[in-house]
Amino acid sequence: MTLPLDSIKARVLGAFAVALVLHGIGTALIPGYSAPFAIRAMLVIASLLAVASIGQTLVVILGGIDLSIPFVIGFANVVAAQLYGQGWHFGLVCAVVFGLAALIGAFNGALSRGLNLHPLIVTLGVGMVVQGLVLIWTKGFPSGSAPKAVSGFVSIGGSFGPLPVPALIPTLLVLTVLIVLVLERTPYGRRLYALGSNPGAAPYALINPLRIWTVTFAASAVFAAMAGVLLLGFTGSAYGDVGQPYLFQTIAAVVVGGTALVGGRGSFIGTIAGVLVLTEINTLLIGLNFSPASVQAAFGAIILLLVSIYGRERHFRTTV
Amino acid sequence: MTRIFGRYGFAIGILVVLLIANLVMNPARFAPGNWPTLLGLAAPLIGAALASTPVILAGRGGIDISVGPVMGLVSAVVIKVLYLDAGLASPFILWPAALLIGAAIGAFNGAMATVVRVQPIVATLGTYLILGGLTLTILPAPIGPAPDWLKAMAGAWSFLPLGLIAALWWALCRTPFHDQLMAVGSDDRAAYTAGVPVSLTRFLAYVLTGLLAGAAGMMLTALIGSADPKVGANYTLIAIAAVALGGVSLAGGRGGLLGAAIGAVDIFLLQSLLTAFNVSTYVLQVAYGTILVVAVVLIALQDRSTKRSHA
């Protein structure tokens with residue numbers, strides 16, 4: 001059973017291969033599937049999901065889970081639009097939104113770790129409170145819009161210098177390199193993996209669990225807020241529930257990318273592969289004229305199929 | 001008795017406070033004559049919370065987020081396919097059908113989690129999406145009505161389904177299954193070396209969860225008196241919140257159906273109290289989230305102090 005297939009690298013390569021195969025199927029079945037505009041659209045949609053999934057990846061490596069991501073996305077989306085609409089400078093808007101998001105995330109992490117609570121419940125509860133407060137503040141009718149710069153940054157038709165893609169794509173590439181470097185080459189990254197793989201032993205290696213959890217959940221919320229602001233540019237107007245599809249999609253992307261939910265294993269490159277797979281599946285099914293209901297059902301079936309093929313856990317017997 | 005109170009003390013405390021507040025604020029609605037109706041109103045949430053509990057008790061990340069969509073699918077199949085299209089109206093056909101659908105989906109989830117060994121949250125997420133899509137395909141828009149005997153189960157007869165579940169759990173607690181479930185949930189490796197059939201026990205927990213979700217689907221159908229493809233999924237997360245509020249450890253092995261039911265009743269009472277104050281649903285949502293976080297914090301603090309006093 002200990003074939004190389006068990007390794008993380010094989011899972012990540014497998015996920016990339018699946019994305020390629022899906023793209024091949026799409027190109028064969030649907031005219032225009034590989035047209036430049038279609039590719040650009042897919043890249044933008046995938047990048048938005050990738051930004052939202054950064055935090056989930058970090059938190060899952062740590063052995064946690066963050067259900068507050070969709071709520072923080074909606075919070076950032078609405079608050080940024082609202083403040084910008086009131087005439088604030090956009091830099092200040094971002095500082096306020098990301099700062100508040102970091103506080104929300106830090107609270108999630110510190111509370112979960114400090115009192116040993118399940119992060120699922122904490123992040124869900126905090127997320128509900130955040131969304132409720134935003135709804136109270138806007139009375140359910142958010143207003144305002146995104147500055148032109150943000151819309152251009154994520155626009156499918158946009159370009160970045162000589163590149164025919166919006167600036168979001170190269171930015172995500174840089175971000176990806178940075179995150180991989182942080183995970184693999186910094187003390188923080190080593191601590192994250194160490195704490196995720198053995199929460200009991202890590203403190204003996206002088207790792208402060210509370211600090212790592214606080215920082216990681218704060219980072220997760222900041223990336224979610226970033227996704228929320230980018231989505232504001234993408235859709236043009238504020239919508240409090242814009243983050244809801246991202247609740248399960250970020251988890252699915254992380255898992256399809258080979259990161260184990262038990263913690264200690266995984267990589268952001270894997271998540272990128274997972275994001276590509278999910279985007280290909282979605283585009284393919286919609287392109288094949290499935291109804292939204294069947295797209296959803298097929299999406300679920302394909303996630304199950306993929307994870308059964310290469311996302312299997314070891315039998316607990318082997319851990320005795 | 002003191003152990004039960006210790007574990008559920010907080011949830012029971014909230015229950016008493018909320019009940020008194022509700023009785024004072026809204027005496028007409030909470031008059032004893034209305035209790036069956038109130039129970040019928042609370043029943044889908046109680047059912048969903050009860051359903052979510054067995055897999056959580058089984059531990060190692062056990063969770064079933066497909067409970068809500070199972071309720072939706074059961075509602076759609078029972079009303080649209082069996083009652084309106086096929087003309088089957090007897091409770092002795094519709095109830096077994098609902099339970100069978102639930103148990104079959106539970107068995108599928110259980111096989112994914114224990115045989116294929118996909119992480120439970122991912123396995124049931126897949127099921128969640130499949131069932132949601134399937135329900136919308138069977139039933140694109142709400143349809144009704146439900147048979148009269150089923151509607152009565154949200155009124156005068158509302159205690160019947162919940163009473164039967166209570167009896168079932170009471171009986172299960174007297175079989176080795178309950179002890180094995182708790183053993184597997186607290187430490188599966190120790191349970192395995194002690195000869196407990198760990199995978200089988202976990203699998204059965206998923207089947208039980210599915211079965212109870214099927215029953216919760218019937219309670220939901222009874223309450224709304226029709227079938228609506230969109231309401232089921234909403235119950236998933238709030239049910240897990242109720243379970244946590246009721247003192248069931250999400251790490252497995254501690255708690256029980258009674259706690260989950262108390263947690264669900266707490267949430268229901270909070271809901272009706274805030275509605276009586278005429279606050280907006282937004283405030284309601286903030287209150288939910290706050291109570292949930294505060295409750296798990298207090299339960300954790302209480303656990304900590306109990307541990308300290310034993311040490």
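What span should the 27 residues of helix α10 (residues 198-224) of chain B have at 1.5 Å a residue, and how far apart are its end C-alpha atoms? The expected span, 1.5 Å times one less than the number of residues, is 39 Å, and the end C-alpha atoms are 39 Å apart, which agrees. This is a predicted model, in which local features need pLDDT of at least 70 and side-chain atom pairs count only at pLDDT 80 or more, while totals for chains, interfaces and linings use all residues. Residues are numbered from 1 along each chain as its sequence is written, and chains are lettered from A in the order in which they are written.

**Helix α10 of chain B**
- Of the 27 residues of α10(B), 24 are buried (20 or more other C-beta atoms within 10 Å of the residue's own, placed from the backbone).
- B:G225 follows α10(B) and has a positive phi, near 65 degrees.

**Contact between chains A and B**
- In chain A, 43 residues are in contact with 43 residues of chain B (C-beta atoms, placed from the backbone, within 7 Å).
- On the side of chain A that touches chain B, α5(A) gives the most, with 13 residues.
- That side of chain A divides into 27 nonpolar, 13 polar and three charged residues (Ala, Val, Leu, Ile, Met, Phe, Trp, Tyr, Cys and Pro are nonpolar, Asp, Glu, Lys and Arg charged, the others polar).

**Helices α3 and α4 of chain A**
- The axes of α3(A) (residues 69-85) and α4(A) (residues 90-114) come within 10 Å and cross at roughly 150 degrees.
- The two helices are therefore roughly antiparallel (angles over 145 degrees).
- Residues of α3(A) including A:V72 and A:L83 meet residues of α4(A) including A:F90 and A:I104.
- By class, this contact has 12 nonpolar, no polar and no charged residues.

Terms used: Helices (H or I, at least four residues) and strands (E, at least two) are DSSP runs, numbered from the N terminus. A residue is buried if 20 or more other C-beta atoms lie within 10 Å of its own, exposed if 12 or fewer, and partly exposed in between; C-beta atoms are placed from the backbone. Two residues are in contact if their C-beta atoms, placed from the backbone, lie within 7 Å. Axes are lines fitted to C-alpha atoms, for helices over the stretch in contact, and angles run from 0 to 180 degrees between N-to-C directions. Angles under 35 degrees count as roughly parallel, over 145 as roughly antiparallel, 65 to 115 as roughly perpendicular and the rest as oblique.
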